[in-house]
Amino acid sequence: MGKYGKFAVLMAIIVGSLLWLATSTVASSKTYYVTIAELHKLGNNAATRRVRVGGDVQKDSIVRGSGTVRFNLVQEAMILPVVYEGRDPLPDTFKDGAQALAGGRLDGAGVFHAQEVQAKCASKYAPKPGEAPDGLQKKMLPAEGSRSAL
Amino acid sequence: MENVGALALLLAFCISLYAIVASVVGRLKRKPFLTLSGERAMLAVWFLVTVASGILVYSLLTGDYRMAYVASHTNRDMPPFYKFAAWWGGQEGSLLFWSFLLSTYGAVVIFTTRRSHRNLLPWVVAILSTIQLFFLTLNAFVVSPFQVLAVDRVVTSVADGMGLNPLLQYWAMVIHPPFLYLGYVGFAVPFAFAIASLIEKAPGDSWIHTTRRWTLVTWLFQSTGVALGSAWAYHVLGWGGYWMWDPVENASILPWFAGTAFLHSVMMQEKKGMMKVWNMVLVSTTFFLCIFGTFLTRSGIVSSVHAFAESPIGKYFVSFLALGIAATIWLILSRLNYLKSEAELESVVSRESSFLFNNLILLASCFAVLWGTLFPVITEKLSNEKISLDAIWFNRLMVPIGLFLLFLTGVGPLFAWRRTSIDSLRKNFQLPGIGTLIVAGALLIGGMRYPYSIISLSLCFFVAATIVMEFFRGSRAISEKMNIGFLPAVVELTHRNTRRYGGYLVHMGIVLMFIGYSGHPFNQTSIGEVDKGSVMQVGAYTLKVMDLTEGDTPNYQWETAILDVSKNGKHIDTLEPTRRFYKAAQQATAIVALRSRLNEDLYINYAARTGDKATLQAYVFPLVDWIWIGVLVLIGGTLVALVPAKVARSYARTEVVGMAKKNVSVEA
């Protein structure tokens, strides 16, 4: 075998094993991002798939029980009841109105069992384009003509 | 005030445009005064962007709450240090910061190379100005940092700002973005020189020689930036992780992989005139990944899972990347003749081949991380389902890749150029090889059952042994020849070829970091609610809650749990994990208590308080300190490599090493 043949074989082995590693793990590691509406449409699939669903934590919906925390996620007027059963305490950013991302599975009764919850006060730190941050009054949007001198 | 700032940015935009036109036309028509005016224009841009930045910083420090940026990123009671840092704390400010760094780098380039590279400089100016033009477009027209708050076109101010995210109010986080940005922006310069020499068909490798230090400094900034981010996550986020394959983290590591590959593969070009096309591809890849990284972190496409393409600046970045990449590819293809290799690969067991595999692996990891990060975007486009890959996937893939790289770190530098003889293989690898097997055996017998940890620790020993042997052999030869002590001989050896031995030190830093990573499977966790006066057990430690206290400052309220830490019944320490509630941001955050030792860290997060009960998360993290020590060694090694070598480089490469080896074989 020529020297380039040897290089080719070695590289093929390396790239091949990486590809194998990459593809074989996808199945066990993939998580579906869905909206609440999509979650309900998934039907039976929802129970078997690992899903991450996002939404805002409904105001006054957080009920802390022993070992579990119940709350509702709201997204485009759809409400999803969630039971958090994870081991770690919920993050500090998790509170009324926070944007949360719950990872887990939907049960037959339409309750979402979350093993992990990520939360951030998106409304606070990164106002969506064209929307004012919470603390500022809505009408006090940066005005269009405010680069006034120009 | 803000009008002056906005005007400065607009002027800078126009002058950048002028710099591009003047440089290109001046070079093509051979009009030196025109190119000179292009250079001056770039200095003017620096002045204008600095003025704009100064105004923004001044407004942040004095709390001009008429301005939208100031109101949403600072508040009155924030320490001035953090007010200053708010410059790069938000999207608008950080894009201005990018422009500022780029124009500063541009000014430095003009001052350092204005005499030596008259033919390349106009193109460099044009390319840097094009990049600048892109960022100034964003700054001046799309996301201006100088917007003011207004009600019905009447400028208004708010009483107080919203403050900086409390998680970011930590020293490492304050200096992390500047370092990362210095690294991101810095790669624009080697890229500009590479493209300039392509356009000019400049003979030789002058762009590599000119930008060698530059690349290394930039790489140092990037490494430090990534490490600071990792350290911040570990010390602040309260769960003790230092890397989680989060898209934003991935954005910072991608250009680092490509840049590391570039640093290695330019040696092939310098030494052998090989891989010319490849180096062009690598330096361009690194640069575009830097832009892509800025895009990922700044556009918000990853901050919310459902906002992947909704960001206002997203389409600008995508267009800039697409145009830039297309132009670069076209340029490289049209100059293939000029990039012909001067030598061929000769053997699989050679320095060339180890560089080749190093590059292959680094680029593969780059591609893998990129693929994993963009997986949700790709699947959404292909199947309308948004699927993400979590840390498990990244670890499955990246741990073996990392270990293979570690192995290459050990063998690569000891392979000879062209081909390696069996004799030299035995001489270099027999002792470390046997030692490595002994270490692996000892770990197995000692009861370690995690294959990756065993492999990692044995490889660490292997690489460390080869590095120590290199230093030892070279120093012994010098100490005998010059009749000086062993330690001065080590210094002399390093000084003779700083790049080589500095590089070994960097490798040593990597080894120490891998020792730290190997401790990961042995982490211990204990989470629970503990009454005042009760105890909690984690690993060998017993934690007793002595008291729960609280207090108030203008910026935040705090609660502290005072814990008595004992081991085997003996009191060893008192730890005080704290929670803070920041008033302006209405946000709680934890200040973790850490008892850091070389063998393991005891890490306690005070998660919540209910009456007289404290919810504590206690962890034991073995070997984590070695990661940070490794980072320091890596930084030190890079600094050593930046010191000019005592012996001219070409001489040092062949002669010093040859001499050392000759002496060894004579003795043997």
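Guide: Helices here are DSSP runs of H or I with at least four residues, strands are runs of E with at least two, and both are numbered from the N terminus. On that basis chain A has four helices and seven strands, and from the N terminus on its elements follow the order α-β-α-α-β-β-β-β-β-β-α. The model is a predicted one, in which local features need pLDDT of at least 70 and side-chain atom pairs count only at pLDDT 80 or more, while totals for chains, interfaces and linings use all residues. Residues are numbered from 1 along each chain as its sequence is written, and chains are lettered from A and ligands numbered from 1 in the order in which they are written.

Confidence comes before the pairing. The model scores ipTM 0.74 and pTM 0.88. For single residues the score is pLDDT, the predictor's confidence in each residue, from 0 to 100. Chain B averages a pLDDT of 88, and 95% of its residues score at least 70. Within chain B, helix H19 (residues 625-642) has the highest confidence, with a mean of 96, and helix H20 (residues 649-667) the lowest, with a mean of 39. Two stretches of chain B stay under 50: residues 303-310 and residues 650-668. A contact means that the C-beta atoms of two residues, placed from the backbone, lie within 7 Å. Residues 303-310 of chain B have 14 contacts beyond four places in sequence, and residues 650-668 of chain B have 14 as well.

In chain A, 45% of the contacts with a separation of 6 or more are between residues 24 or more positions apart. Burial is counted from C-beta atoms placed from the backbone: a residue with 20 or more others within 10 Å of its own is buried, one with 12 or fewer is exposed, and one in between is partly exposed. Of the 150 residues of chain A, 26% are buried.

Now the strands. Two of them pair if DSSP finds at least two bridges between them. Strand S1 (residues 30-34) of chain A is joined by three bridges to strand S2 (residues 51-57) of chain A, and the two run parallel. In this pair, Val34(A) stands opposite Val53(A). S1(A) also pairs across the chain boundary: four bridges link it, in the antiparallel sense, to strand S3 (residues 386-389) of chain B. There, Tyr32(A) faces Ile387(B).

Chain B has an open sheet of its own, made of four strands in the order S4-S13-S12-S11 with antiparallel pairing. Its edges are strand S4 (524-531) and strand S11 (593-596) of chain B; each has a single partner strand, so one side of each is left without a neighbour in the sheet. Neighbouring strands of this sheet are turned by 15 degrees against each other on average, direction ignored; axes are lines fitted to C-alpha atoms, for helices over the stretch in contact, with angles from 0 to 180 degrees between N-to-C directions. S4(B) is held to strand S13 (residues 613-622) of chain B by eight antiparallel bridges, and Asp531(B) stands opposite Lys613(B) in S13(B).

A further antiparallel pair in chain B is strand S7 (residues 556-567) with strand S8 (residues 570-575), joined by five bridges. Ser566(B) has His571(B) in S8(B) as its bridge partner. This hairpin has two residues between the strands, and Asn568(B) takes a positive phi near 50 degrees. Asn568(B) lies in the loop between S7 and S8 of chain B and counts as exposed because it has 8 C-beta neighbours inside 10 Å. Its C-alpha atom is separated by 7.6 Å from that of Tyr541(B), 27 residues apart along the chain.

Gly106(B) sits in helix H5 (residues 91-113) of chain B and is buried, because 28 other C-beta atoms lie within 10 Å. Beyond its neighbours within four places in sequence, Gly106(B) is in contact with Met42(B), Trp46(B) and Leu128(B). The C-alpha atoms of Gly106(B) and Val125(B), 19 residues apart along the chain, are separated by 7.5 Å.
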